[in-house]
Amino acid sequence: MGMMIDGRWEGDDGKWASKDGKFHRAPSKFHCQFGGEGFPAEPDRYHLYVSMACPWAHRTLIFRKLKGLEDIIPVTVVDPHMLSRGWQFSEPEPLYGFNHAHQLYAKADSQYTGRVTVPILWDKRRETIVCNESAEIIRIFNVAFNDLTGNRDDYYPADLRDQIDEINAFVYPNINNGVYKCGFATAQNAYEAAFDNLFSALDSVEERLTAQRYLVGNRITEADWRLFTTLIRFDAVYVGHFKCNRNRIADMPNLSGYLRDLYQQPGIAETVNFSHIKEHYYFSHESINPTRIVPKGPVLDFDAPHNRTFII
Ligand SMILES: N[C@@H](CCC(=O)N[C@@H](CS)C(=O)NCC(=O)O)C(=O)O
């Protein structure tokens, strides 16, 4: 797994785990300054690069779908295999014919130093990265194109923002990133601490969902979609590949019903691609799975009844 140093691709960075054996996620470098003169909301101006495997990129695909942005913001999907040159395109990508995502980063900033991550929101006019932070991209998608699409669905409503921020601040480090802290730990004690922390957080959300249908009451918000992209991958990859195996989500009645409830919302199933999810994790992380064998199971049925509508 590599990264970019001064605008050039460096093959092996050894950065996934630090000396303490813990996984530390690097912060994103391109932050959104959307709107106004800089990056106005316009059709045929932006392009989204995603991996169908990546939970962070998945957030942006969900918001693109929910907010009716498919005609306004085209998408290019990277190959599921992320190998020695980082994210690659199965066919040259449509804007420049690049074969690798790192070429986009170099085009945006010829001196770029950092990781080459997806999602990438690209501005075709300025030929640069608008943003490579999914948490910010979904906030843009939530409102910025409303006048163009007429879609005013709001997943970060003003009256719920404090509650959404609070639950996000819990779910991100403990669950979204918590699975990575288990999977990329390189010391037994770091793994065990991450494992205990992850399952204690899942227990707490399981409890929370006893009395309410969604994370913030009875309305789906951004907080739910941010949790969804981790939960949907959990039994297929995190249980086995990342050793998050105290139990499956399928064994947690509230969380599994909640997961099916979200999966069955209109358009969401189309954003989920288990072939890319399993191929990416099991094939790309050679240090975790050197044989690169991708398991055939598990058999999962997210179309089964969720039985959550009785909860007000
Ligand atoms: N903070 C970023 C994280 C994105 C991220 O880490 N994406 C992963 C894929 S799941 C990636 O591209 N990793 C490649 C690398 O770090 O080299 C976001 O949420 O947008």
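These legends accompany several close-up views of a predicted model.

**View 1. The two annotated active-site residues, Cys54 and Tyr180.**
The unreviewed UniProt entry places the feature "active site" at Cys54 and Tyr180. Although the two are spread over 127 residues of sequence, they cluster in space, and the largest C-alpha distance is 11.7 Å. To find Cys54, look in the loop between strand S3 (46-50) and helix H1 (55-66). Tyr180, in turn, belongs to helix H6 (residues 178-183). Are these residues buried or exposed? Cys54 is buried because 25 other C-beta atoms lie within 10 Å, with 20 or more needed for that class. Tyr180 is buried too, with 20 other C-beta atoms within 10 Å. Leaving aside residues up to four places away in sequence, Tyr180 touches Phe23 and Arg25.

**View 2. Lys243 and its contacts from elsewhere in the chain.**
Here we move to the loop between helix H8 (222-238) and helix H9 (253-263), where Lys243 is found. Which residues does Lys243 touch, not counting residues up to four places away in sequence? They are Cys182, Gly183 and Tyr191. The C-alpha atom of Lys243 is also separated by 8.6 Å from that of Val179, a residue 64 positions away along the chain. Lys243 is partly exposed, with 16 other C-beta atoms within 10 Å.

**View 3. An open sheet of four strands.**
The strands follow the order S4-S3-S5-S6, and their pairing is mixed. At the edges are strand S4 (75-77) and strand S6 (128-131), each pairing on one side only. Direction ignored, neighbouring strands of this sheet are turned by 35 degrees against each other on average. As a reminder for reading the view, strands of a sheet pair through backbone hydrogen bonds, either parallel or antiparallel. S3 and S4 run parallel and are joined by three bridges. Leu48 is a handy landmark, standing opposite Val75 in S4.

**View 4. The hairpin of S5 and S6.**
Strand S5 (residues 120-123) pairs with S6 in the antiparallel sense, over three bridges. Leu121 has Cys131 in S6 as its bridge partner. Four residues separate the two strands of the hairpin, and Glu127 in the turn has a positive phi of about 55 degrees. A cis peptide bond joins Val118 to Pro119, with omega about 5 degrees.

**View 5. Helix H5 (residues 161-176) against helix H7 (residues 188-208).**
How do the axes of these two helices cross? They come within 8 Å and cross at roughly 135 degrees, so H5 and H7 are oblique to each other. On the H5 side the contact is made by Phe170, Asn174 and Ile175, and on the H7 side by Asn197, Leu198, Ala201 and Leu202. By class, this contact has five nonpolar, two polar and no charged residues.

**View 6. Helix H5 meets helix H8.**
The axes of H5 and H8 come within 9 Å and cross at roughly 10 degrees, so these helices are roughly parallel to each other. H5 contributes Ile164, Ile167, Asn168, Val171, Ile175 and Asn176. Facing them in H8 are Glu222, Ala223, Arg226, Leu227 and Thr230. The residues of this contact divide into six nonpolar, three polar and two charged. Ile175 also takes part in the contact of H5 with H7.

**View 7. Backbone details at Asp6, Asp44 and Pro298.**
Most residues other than glycine have a negative phi, and most peptide bonds are trans. Asp6 has a positive phi of about 50 degrees and sits in the loop between strand S1 (3-5) and strand S2 (8-10). With 10 C-beta neighbours inside 10 Å, Asp6 counts as exposed. Asp44 has a positive phi near 55 degrees and is found in the loop between S2 and S3. Asp44 counts as exposed, with 11 C-beta neighbours inside 10 Å. In the segment after helix H10 (274-284) you will find Pro298. The peptide bond from Gly297 to Pro298 is cis, with omega near 0 degrees.

Key:
Residues are numbered from 1 along each chain as its sequence is written. This is a predicted model: local features need pLDDT of at least 70, side-chain atom pairs count only at pLDDT 80 or more; totals for chains, interfaces and linings use all residues. UniProt positions are given in the numbering used here, feature names are shortened, and annotations may be inferred rather than shown by experiment. A residue is buried if 20 or more other C-beta atoms lie within 10 Å of its own, exposed if 12 or fewer, and partly exposed in between; C-beta atoms are placed from the backbone. Two residues are in contact if their C-beta atoms, placed from the backbone, lie within 7 Å. Two strands pair if DSSP finds at least two bridges between them. Axes are lines fitted to C-alpha atoms, for helices over the stretch in contact, and angles run from 0 to 180 degrees between N-to-C directions. Angles under 35 degrees count as roughly parallel, over 145 as roughly antiparallel, 65 to 115 as roughly perpendicular and the rest as oblique. Ala, Val, Leu, Ile, Met, Phe, Trp, Tyr, Cys and Pro count as nonpolar, Asp, Glu, Lys and Arg as charged, and the others, Gly among them, as polar.
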